[in-house]
Amino acid sequence: MIDDLFLIEKHAYRKSPVHLLDARAKIVIAFAAIIAIVAVPYSPVIYTVGAVFFLFVAGLWALSGLSPVIYVKRLIVILPFGLFLIFFQIFYKNRYYETFTTIATLPFGIEVYAESVEFASILLVKFLVSVSFIILLSSTTKTQDLLEGAGRLGLPAELTLVLGMMLRYLYVFGYMIRKMRQSLETRCFDPFDRALPYRYRLEKVAYAIGTLFIRSYEQGERTYLAMLCRGYGRDSHLYISKKPLKPGDWTFLSTGLLLVIITPVLAWTGYIRIG
């Protein structure tokens, strides 16, 4: 898993029309789509809006030249966090419906309601569309470009500096963890080896975690002292040069915003409908 950390950006370094777009345009479109899909009222209209937005993501993904397997793998990693909350919605009566129809009765008096199932499916559509835009953004944009793009869009300089340092030293801590793991492997220690006593394995893993925290603290102190020696102070910030948007970026931005704004309106008024 730690080894995957060092390869997390490899797909963002490819060349395609989507990769070459300015990070600001992609950030604005992604957040606009997420806000739009979340703002759509809880009704079957969400299926139409979700389908159009997902086709938009699919088209951009195809233009990026990335394999669908990459999208599926990243989606699978995120899905459990949303599905856990969405699944339990089918057992509760929510405030968006006045009457509830029982479609199944489980042991201990637990009931499954048709309206709650519909509500859960609406939440699932909102979740999938939002996550899809984030996956597209992260897969086609370098981390440094995302940071600079956010800074050019008005992200506070203090927050930009902190995020930049966090992203930079995330890989440093990854190297620390990998070295500790390699040290344990050279000593033939495997935390999942059932031949070793459970208490012994637990103690060694706890020692490793404690050592990691101590090394992280020491690294932070060294970094802070180095920053002070280089003139770091209250007014310090990450330098971000000005960069005008190209005509292609403006075209993508205007077209994408138009699609994101018009689709919910047309779906709600009934001009477009799926199913």
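**Close-up 1. Helix α2 packs against helix α5 at an angle of about 175° in this predicted model.** The axes of α2 and α5 (114-140) lie 9 Å apart; axes are lines fitted to C-alpha atoms, for helices over the stretch in contact, and angles run from 0 to 180 degrees between N-to-C directions. Helices (H or I, at least four residues) and strands (E, at least two) are DSSP runs, numbered from the N terminus. The angle makes α2 roughly antiparallel to α5 (under 35 degrees counts as roughly parallel, over 145 as roughly antiparallel, 65 to 115 as roughly perpendicular and the rest as oblique). On the α2 side, the contact (heavy atoms within 4.5 Å) uses K26, I27, I29, A30, A33, I34, I37, V38 and A39. On the α5 side stand K126, V129, S130, F133, I134, L137 and T140. This contact has twelve nonpolar, two polar and two charged residues, where Ala, Val, Leu, Ile, Met, Phe, Trp, Tyr, Cys and Pro count as nonpolar, Asp, Glu, Lys and Arg as charged, and the others, Gly among them, as polar.

Residues are numbered from 1 along each chain as its sequence is written, and side-chain values use heavy atoms, with hydrogens and water left out. In this predicted model, local features need pLDDT of at least 70 and side-chain atom pairs count only at pLDDT 80 or more, while totals for chains, interfaces and linings use all residues.

**Close-up 2. The largest cavity has a volume of about 70 Å³.** On a 1 Å grid over the protein atoms alone, a cavity is a set of points where a 1.4 Å probe fits but cannot get out, and a pocket is an open set with protein on both sides within 12 Å along at least five of seven lines; lining residues have an atom within 4 Å of a point. Grid points are joined across faces, edges and corners, and a volume is the space filled by probe spheres set on the points. The structure holds one cavity of 30 Å³ or more. Its lining consists of V18, K26, I29, A30, L60, F133, L136, L137, T140 and F252. Helix α5 gives the largest share, four residues, and the lining divides into eight nonpolar, one polar and one charged.

**Close-up 3. Helix α2 (residues 23-39) crosses helix α6 (residues 143-152) at roughly 75°.** Their axes come within 8 Å, and the angle makes α2 roughly perpendicular to α6. A23, R24 and I27 of α2 meet D145, L146, G149, A150 and R152 of α6. Four of the contact residues are nonpolar, one is polar and three are charged.

**Close-up 4. The second largest pocket has a volume of about 550 Å³.** Of its 24 lining residues, G164, M165, R168, Y169 and L238 are the closest to the centre. Helices α6, α7 (157-186) and α8 (198-229) each give two or more residues to the lining, and α7 supplies the largest share, eight residues. By class, the lining has eleven nonpolar, nine polar and four charged residues.

**Close-up 5. Strands β1 (residues 102-106) and β2 (residues 110-113) pair in the antiparallel sense.** The pairing runs over four bridges (two strands pair if DSSP finds at least two bridges between them). A104 stands opposite V112 in β2. The hairpin has three residues between the strands, and F108 takes a positive phi near 65°.
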